[in-house]
Amino acid sequence: MTKKMEVEVAGVRFKNPLIAASGTFGYGREYEKFYSLSNLGGISVKGTTDTPRMGNLSPRIAETPMGMLNSVGLENPGIDHFIEHELPWLMQKNTTIIANIAAGTEDLYAKIAQKLDKTNIHMVELNISCPNVKQGGAAFGTSAKAAFDVVSRVRKKTKKPLMVKLSPNVTSIAEIAKAVESAGADAVSLINTLLGMRIDIKTRRPILKNNVGGLSGPAIFPIAVRMVWQVRKAVKIPVVGGGGISSAEDAIEMMVAGACAFQIGTAIFTNPYSPLDILSGIEAWMDDNNIQDINEIVGTVEDW
Amino acid sequence: MFKTTARIIKKDLLQRGIYSFVLECDLIAKAAKPGQFVNIFIEGFTLRRPISICEIFENSFRIVFSVVGKGTSKMAKWDVGKNVDVVGPLGNGFKKIDSNEKLLIVGGGIGTPPLLELAKRARSARVIIGFKTKDLVILEQDFLKHGETIVCTDDGTYSQKGLVTKFLLESIKSDDFTRIAACGPKPMLKEISKIAKNFKIFCEISMEERMACGVGACLGCQCIIYKEGKKQSAHVCKDGPVFKAQEVFL
């Protein structure tokens, strides 16, 4: 029997709960060479800023135990290019499209959001958590007051469903989640990468030219589960969970912790087909456990 | 590009810490061009290892790699019969060779392997390959099979003493070469690029950078290029690894 995989986040329909995480999937063109993008529940596009950005200098990638660091630094062609050249193509792909936007000031966030409001994009994800650049919004994501202010400002400029991507580099992620909820966010997604560092002991130089970068991959999965579990209890708006998911079991665990949909990223680098493998793994698990609708499992963890 | 399984059918130790595998894989062998690379999965590691294609056969291809860390040391333990998870062929290879071109093919150290297939296909070429020292010399016989080959070492412990650029300059001055293809450490590429510019010879270089996705999505392997007089961002995995020397900011 066919299972119900469809989920809804803040009124936005996703044909299944799997969303390609921002920054790991570009604007979708590269992975379409492997499979149809219509297999995915949604795509959160590369973090896009007001004007084009070259990003940080290379090396931008360092491997870590069960994960990786990146310091790409929001390299992107800018919002106008995105709206004109990428979005029309993406909107034909029969999947839900989320614009991930980043900026260094409230004004710029508002300006980008206003531009997107005039498009047919399904959802906006406000990146207030890029750890790699000052203009990436991390300053907004690590203070409840700043997060509240920027979300309130953007809220006034867009009627699009607004999801806010939270930083794990904070003392209490639940506090930030509450702040963005009260500012009018329709959903939260978490977690962005954790700030990390690797040093080459031969040269005694950091591997990344930016010195530090964002940690992702299976290493951060338990942190993401814990934070989703905490945030789910703190807010009423939907929670989209992500961070180190690399198997169907991980995705199910994330949903049981409280995520109504999940994002995968680094796993796609390890295996470009991991989105498809994870989805078929979830369906097989639902079969084995006699679950008809994936929404049944969301937040079903019973705490001790 | 494909994600597929390739079986190791031949394994050789070329020098201490430098291995050669021939991998049976019809899909990649049929699609691959000289200068492209494959991205190899290693159990227990998050990132694949991007490794250039050294030779292309009817239904197999060859890679040569040096053990530099935990991932490549695990690969070095793989044996004939092992099925390897490979994504490829990836990136842009060298420009197709015109029949009237006279090539200078210049390789340095572990940058030498990606040039072998190009050398095989060139009707008229001189190969210059350089290594730090005798214990690091690889592929000499392979290149010799396909044409004139100069081997040099920085310390003179094997064959001729000197840097590849010395022999490159001599070659350019003594003969009318029309094209250069190079791969090796950045300082070497920088120097070769300068020489090519001075003598107005078309030159391509194959670049290396730390990568994650290997297909152009994550933007991890940026290099800076000049196009139409403007600084632009390019990515080694998708726009390269082979670039026109005059376009890359080294």
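**Two chains and their interface in a predicted model**

The secondary structure of chain A comprises 9 helices and 16 strands, where helices (H or I, at least four residues) and strands (E, at least two) are DSSP runs numbered from the N terminus. The model is a predicted one, in which local features need pLDDT of at least 70 and side-chain atom pairs count only at pLDDT 80 or more, while totals for chains, interfaces and linings use all residues. Residues are numbered from 1 along each chain as its sequence is written, chains are lettered from A and ligands numbered from 1 in the order in which they are written, and side-chain values use heavy atoms, with hydrogens and water left out.

Along the principal axes, the C-alpha atoms of chain A fill a box of roughly 50 × 50 × 45 Å. Of the 304 residues in chain A, 60% are buried, that is, under 20% relative accessible area (1.4 Å probe, protein chains only). Among contacts in chain A with a separation of 6 or more, 71% join residues 24 or more positions apart, contact meaning heavy atoms within 4.5 Å.

Chain B contains 6 helices and 15 strands. Its radius of gyration is 17 Å, close to the 18 Å given by the globule rule for 250 residues, so chain B is as compact as a globular protein of that length. The C-alpha trace of chain B spans about 50 × 45 × 35 Å along its principal axes, and 55% of the 250 residues of chain B count as buried.

At the interface, 30 residues of chain B are in contact with 30 residues of chain A. The area buried between the two chains is about 2500 Å², with carbon and sulfur atoms giving 60% of this area; buried area is the accessible area (1.4 Å probe) that two parts lose on being put together, summed over both. The rule finds 2 salt bridges across the interface of chain B and chain A, each defined as a side-chain nitrogen of Lys or Arg within 4 Å of a carboxyl oxygen of Asp or Glu. The side chains of E63(A) and R49(B) meet in a salt bridge (2.5 Å, N to O). On the side of chain B that touches chain A, two or more residues each come from strand 1 (2-15), strand 13 (222-227) and strand 14 (230-235) of chain B. Strand 14 of chain B gives the largest share of that side, 4 residues.

Technical notes. Rg over C-alpha atoms; globule rule 2.2 N^0.38 Å. Buried < 20%, exposed > 50% of the residue type's maximum accessible area, 1.4 Å probe, protein only.
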